Amino acid sequence: MAAAAAEPGKGKRMQPPWTPPEGTKHSRLCLYNSLTRNKEIFQPQNGKKVTWYCCGPTVYDASHMGHARSYISFDILRRILRDYFKFDVFYCMNITDIDDKIIKRARQNYLFEKYRENKITPAQLLEDVKTASELFSVKLNETTDPDKKQMLEKIQNAVKSAFDPLQAAVQAKLPAEEINRCHEIMLEEAKDLLSDWLDSKFGSQVTDNSIFSKLPKFWEGEFHKDMEALNVLPPDVLTRVSEYVPEIVAFVKKIVDNGYGYVSNGSVYFDTMKFDSSEKHSYAKLVPEAVGDQKALQEGEGDLSISADRLSEKHSPNDFALWKSSKPGEPSWDSPWGKGRPGWHIECSAMAGSILGESMDIHGGGFDLRFPHHDNELAQSEAYFENDHWVRYFLHTGHLTIAGCKMSKSLKNFITIKDALKKHTARQLRLAFLMHSWKDTLDYSNNTMESAIQYEKFMNEFFLNVKDILRAPTDVTGQFQKWENQEAELNKNFYDKKAAIHEALCDNIDTRSVLEEMRSLVSQSNSYIAAKKSSRQMPNRLLLENISSYLTQMLKIFGAIESDDVIGFPVGGNSQNINIESTVMPYLQVLSEFREGVRQIAREKKVTEVLQLSDALRDDILPELGVRFEDHEGLPTVVKLVDKDTLLKEREEKKKIEEEKKRKKEEAARKKQEQEAAKLAKMKIPPHEMFKLERDKYSMFDENGFPTHDAEGKELSKGQIKKLKKVYETQEKLHKEYLQMVQNGSAN
């Protein structure tokens with residue numbers, strides 16, 4: 001057979017040209033950089049490697065929610081950079097264990113404990129408190145900060161409220177037991193006041209360096225425990241000031257050699273004017289408008305470093321200490337300038353420089369550290385390395401307020417992390433942080449936490465519902481179901497939400513918008529499930545599995561889920577070595593099916609006692625074990641493993657709702673009864689007697705009991721008579737009804 005002739009003008013058949021699709025523009029990660037006060041495209045200096053230094057805590061007291069604000073927020077950012085954007089993050093954090101606050105607190109604690117050990121008599125304690133109060137009053141009068149003044153007044157009032165009962169007990173020679181009780185209260189309330197006084201008298205005599213290391217070592221340990229409890233990842237490198245003193249000395253020496261530092265009376269200061277006048281340098285890059293703010297500068301120098309003699313050592317009030325000569329009662333280390341200790345700002349520069357080199361990608365810290373701490377870090381580091389790019393991106397977390405009020409450890413207005421974890425779980429705290437921008441102020445309040453709790457509950461219910469759907473028995477091929485318009489629409493929404501979530505993460509890691517997009521996706525999925533169930537159809541397993549797995553993975557990236565579960569929050573706590581859900585669910589499923597069979601028979605045979613037992617199993621017994629059975633008319637019972645406390649709380653709320661319903665029902669019945677009684681009482685009145693009962697309105701009546709004159713004796717108008725006739729006729733009908741009821745025997 002002859003081959004078909006080629007089409008005219010085409011010649012030999014070939015593949016047509018191929019054109020690649022145009023595609024869409026890819027968003028790039030942008031971060032809010034405090035160095036520019038703008039969102040900038042994030043571009044690490046070395047490929048995908050990100051070097052990051054974070055200012056750690058000054059460990060002299062318990063970690064509080066202000067610390068949590070920074071460290072949870074940075075943990076979220078770090079995880080997202082590492083696990084979502086796939087950067088290789090190298091994270092370094094410091095511990096400040098040499099500092100004016102630590103020295104003062106350690107000294108005061110030591111002296112106060114010695115004072116207690118001396119078993120001071122009540123009379124002597126009263127005398128000492130009087131003396132200490134005089135010193136405290138001077139401090140109070142000199143304080144101008146209103147918040148600090150309020151805190152000091154609170155201490156003063158507490159001391160007075162403890163002083164008077166002890167004085168009265170001593171004067172009245174009350175039993176020793178009562179005097180000792182008042183004595184202990186006095187010691188506790190006057191601790192701050194007495195500690196200040198003791199420090200002013202004997203602080204310079206404290207010379208044992210171990211006293212200054214014991215306090216920070218204890219509180220550092222507590223800090224790490226708190227971070228672990230909050231599921232905050234440990235740093236890749238942890239640096240302590242006390243372990244880097246030789247490096248700090250060398251760092252200071254080079255700054256002096258480079259011409260940006262000077263020695264004065266055994267201390268070394270940074271010359272801000274010399275640095276700022278250099279063409280290649282600029283002082284206060286972060287907050288240039290704060291230069292000259294003496295209050296901020298003195299806070300940066302520390303309480304022990306702002307005496308008149310210390311301040312007079314500087315060439316300029318804007319200069320700051322790199323190395324402080326140690327006074328009596330302060331720890332000290334050898335240096336070329338004599339015995340001394342590091343300044344506050346220099347520690348971060350020296351430690352970060354020794355680990356991360358002359359330039360890092362990210363430096364993080366709290367918003368309140370921008371000036372002078374971070375501006376001074378930048379200046380001394382760039383003076384050391386002779387560059388202008390020690391930090392490429394400076395990230396600052398927002399403030400934390402407590403129910404709208406300023407939070408401060410020094411003002412004793414703070415909530416410890418341990419106390420916060422007694423009220424809420426680490427996941428709930430993290431969700432609260434995720435629901436707010438990392439760089440803005442976050443208000444830690446009941447409303448904030450309630451929003452986080454409700455979000456967790458909303459997500460958890462979705463995960464439990466999907467797990468129930470996936471447990472429904474099916475064969476290998478049955479898991480692949482035909483897609484209709486509903487599935488196609490939900491899948492489109494799923495991919496739209498994933499794209500929106502990516503955009504939000506690229507936009508300065510906007511977790512607030514991300515959580516809202518996730519909530520919206522769950523709402524759409526819930527609507528899909530409800531529509532399928534109402535039409536007695538099985539929801540698409542694979543589609544729901546994909547959605548719930550994605551949402552679980554995002555929550556894992558955020559650090560809100562620690563387990564390896566593919567779907568949802570872990571059941572039975574994170575410390576379990578076995579997967580409780582996979583272990584117990586087959587047995588619960590059998591129990592559920594057996595119970596459903598028994599209920600069916602009980603309904604057919606009308607055995608109410610069995611139905612009541614079945615309800616008691618669901619409502620009273622299983623919640624105590626962390627199991628929820630959800631009965632749906634015409635559908636299999638849904639089995640869920642839920643936190644026991646949550647179920648018991650739900651049970652109490654349900655009980656309250658039922659009691660309220662019962663109360664309202666009884667109230668409605670009572671009102672109805674009262675209304676009916678009132679109506680019956682009215683029906684009993686004959687129409688010719690009705691108006692005679694209203695002597696305050698009418699004074700004269702006709703032979704039928706109808707009013708003719710008002711209370712003042714004036715004759716009623718035609719209009720009034722017309723209205724009253726209608727009332728009279730209505731009462732005639734009612735009274736006839738009543739007489740009929742009496743005749744029929746139903747009047748009661």
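This report describes selected strands, salt bridges, a charged patch and backbone features of a predicted model.

## Basis of the description

The model is predicted, and local features are reported at pLDDT of at least 70, side-chain atom pairs only at pLDDT 80 or more, while totals for chains, interfaces and linings use all residues. Residues are numbered from 1 along each chain as its sequence is written, and side-chain values use heavy atoms, with hydrogens and water left out.

Helices (H or I, at least four residues) and strands (E, at least two) are DSSP runs, numbered from the N terminus. Two strands are treated as paired if DSSP finds at least two bridges between them. Residues are called buried under 20% relative accessible area, exposed over 50%, and partly exposed in between (1.4 Å probe, protein chains only).

## The sheet of strands 12, 13 and 14

Three strands form an open sheet in the order 13-12-14, and the pairing is mixed. Strand 13 (405-406) and strand 14 (442-444) are the edge strands, each pairing on one side only. Strand 12 (residues 400-402) and strand 13 run antiparallel and are joined by two bridges. Within this pairing, Thr401 has Lys406 of strand 13 as its bridge partner.

The loop between strand 12 and strand 13 contains Ala403. The phi of Ala403 is near 50 degrees, a positive value in a residue other than glycine. With a relative accessible area of 54%, Ala403 is exposed.

Strand 3 (residues 49-54) pairs with strand 4 in the parallel sense over six bridges. Strand 4 (residues 88-95) has six of its eight residues buried, so it is largely enclosed by the rest of the structure. The bridge partner of Tyr53 in strand 4 is Cys92.

Cys348 and Tyr53 are separated by 295 residues in sequence, yet their C-alpha atoms are 8.8 Å apart in space. Cys348 belongs to helix 12 (residues 344-356) and, at 1% relative accessibility, counts as buried.

## Salt bridges

A salt bridge is taken as a side-chain nitrogen of Lys or Arg within 4 Å of a carboxyl oxygen of Asp or Glu. By this rule, the model has 55 salt bridges. One of them joins Arg628 to Glu461, with the closest N and O atoms 2.7 Å apart. Arg628 lies in strand 15 (residues 627-632) and Glu461 in helix 16 (residues 446-471), so the pair ties together parts that are 167 residues apart in sequence. Both Arg628 and Glu461 are buried.

A further salt bridge connects Arg599 and Asp631, at 3.5 Å from N to O. Because Arg599 is in helix 20 (residues 580-605) and Asp631 in strand 15, this pair ties together parts that are 32 residues apart in sequence. Arg599 counts as buried at 12% relative accessibility, whereas Asp631 counts as partly exposed at 24%. Arg599 and Asp631 belong to a network of salt bridges that also links Arg595, Glu596, Arg603, Asp615, Arg618, Asp619 and Lys654. Arg519 is partly exposed at 26% relative accessibility, and Glu516 is partly exposed at 42%.

Glu652, Glu653, Glu658 and Glu659 form a negative surface patch. Patches consist of residues with over 30% relative accessible area and no salt bridge, like charges being joined within 9 Å and nonpolar side chains (Val, Leu, Ile, Met, Phe, Trp, Tyr) within 5 Å.

The peptide bond from Phe371 to Pro372 is cis, with omega near 5 degrees. Pro372 lies in helix 13 (residues 370-385).

Lys606 has a positive phi of about 60 degrees although it is not a glycine. The loop between helix 20 and helix 21 (608-621) holds Lys606, and at 69% relative accessibility this residue counts as exposed.

Conventions: Accessible areas come from the Shrake-Rupley method with a 1.4 Å probe; for residues, only the protein chains shown count as cover. Lys and Arg count as positive and Asp and Glu as negative; His and the chain ends are not counted. The place of a charge is taken as NZ of Lys, CZ of Arg, CG of Asp or CD of Glu.
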